[in-house]
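Hi,

Here is the structure I promised to pass on. My notes follow below it; have a look whenever you get a moment.

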Amino acid sequence: MEVMEQEAETGVLAHVGEWPELGTAHDHALVILAMNLDCELIQTGEGNFSLHAEPVQVEAILAEFELYAVEQVANVSVPEPPESPTYPWGIAWLVAWIAVLCAVFLMQAQDVTLTGRFANTSEGLVAGREWWRPFTALFLHADPGHLLGNVAIGGIFCVIVARSLGAGLGWLLILLAGTLGNALNAWLRFPDSFASIGASTATFAALGILVGDAGGNAWRFRSARGLWAVFIPVIAGFILLGWYGSGGENTDVAGHFWGWLAGVTLGALSVFIRKNVVAVDSPPIPG
């Protein structure tokens, strides 16, 4: 097959298509050749490329061109999701969080009524309309071991969230998800008597945020490979649940679950909010 200048008659061949690019015309000519049919490619006076074939085969060729067009659309590769930006670890935020937890713990030791007034309770939240309890309970702890465990274990996942989403947004979502988890826990237990304290709900919220963020990005970019990022915080959640205990009178498993679920929801929603909002947090840095 050769490209010919259109100077002579094309004989008995019929026109089946014309394209401005030689490459596109060649591709369609290959479609005809794949049908075991002959064709002729001619360059017109306007600089286009015209394809001709046997008149009796025109209908079949045009049908094959339509199938070829559909196949080309179907085979358009989905772009790989861009590398997620990474932010500073937000260590200053973590230090501030630890300082607040320690200060509140010292205040608890000096004022024995503090825990009762600010713990997360079903009666206080639902019946008493004391809306602050799900939030303030995140800062209260029963003893030094309780505080140390939440600081050491929770701090790890909180800085990972800050690294992935930015410290400002990350800590906002952690506190919000932890508060929502506590609120759901207390509201669903009402009218039964219930009380809880501790930052562990926020820790599980941080894990949920990582799951929601990874899952939201995988869905947004239609990337099955991106789902692998979901498994890491999920596995960490099972390990963490084992460390905290799977039950017992001093383990609020329901609170952990609701905190995690609130984190998943907010983490996924943040993906689509951040897509159209200019970040006001620290700029991304390499690695």
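The mean pLDDT of the chain (the predictor's confidence in each residue, from 0 to 100) is 82, with 77% of residues at 70 or more. This is a predicted model, in which local features need pLDDT of at least 70 and side-chain atom pairs count only at pLDDT 80 or more, while totals for chains, interfaces and linings use all residues. Residues are numbered from 1 along each chain as its sequence is written, and side-chain values use heavy atoms, leaving out hydrogens and water.

Where pLDDT is low, the predicted coordinates should not be read in detail.

Now for a helix pair. Helix α3 (residues 91-110) packs against helix α8 (residues 167-189) at about 35°, axes 10 Å apart; axes are lines fitted to C-alpha atoms over the stretch in contact, and angles run from 0 to 180 degrees between N-to-C directions. Trp93, Leu94 and Trp97 of α3 meet Ala167, Gly168, Trp171 and Leu175 of α8.

Finally, the cysteines: the whole structure has zero disulfides (cysteine sulfur pairs within 2.5 Å). Cys39 is buried at 15% relative accessible area, whereas Cys102 is partly exposed at 32% (buried is under 20%, exposed over 50%, partly exposed in between, with a 1.4 Å probe and protein chains only).

Best wishes

How values were computed: Helix = DSSP H or I, 4+ residues; strand = E, 2+ residues; numbered from the N terminus. Contact = heavy atoms within 4.5 Å.
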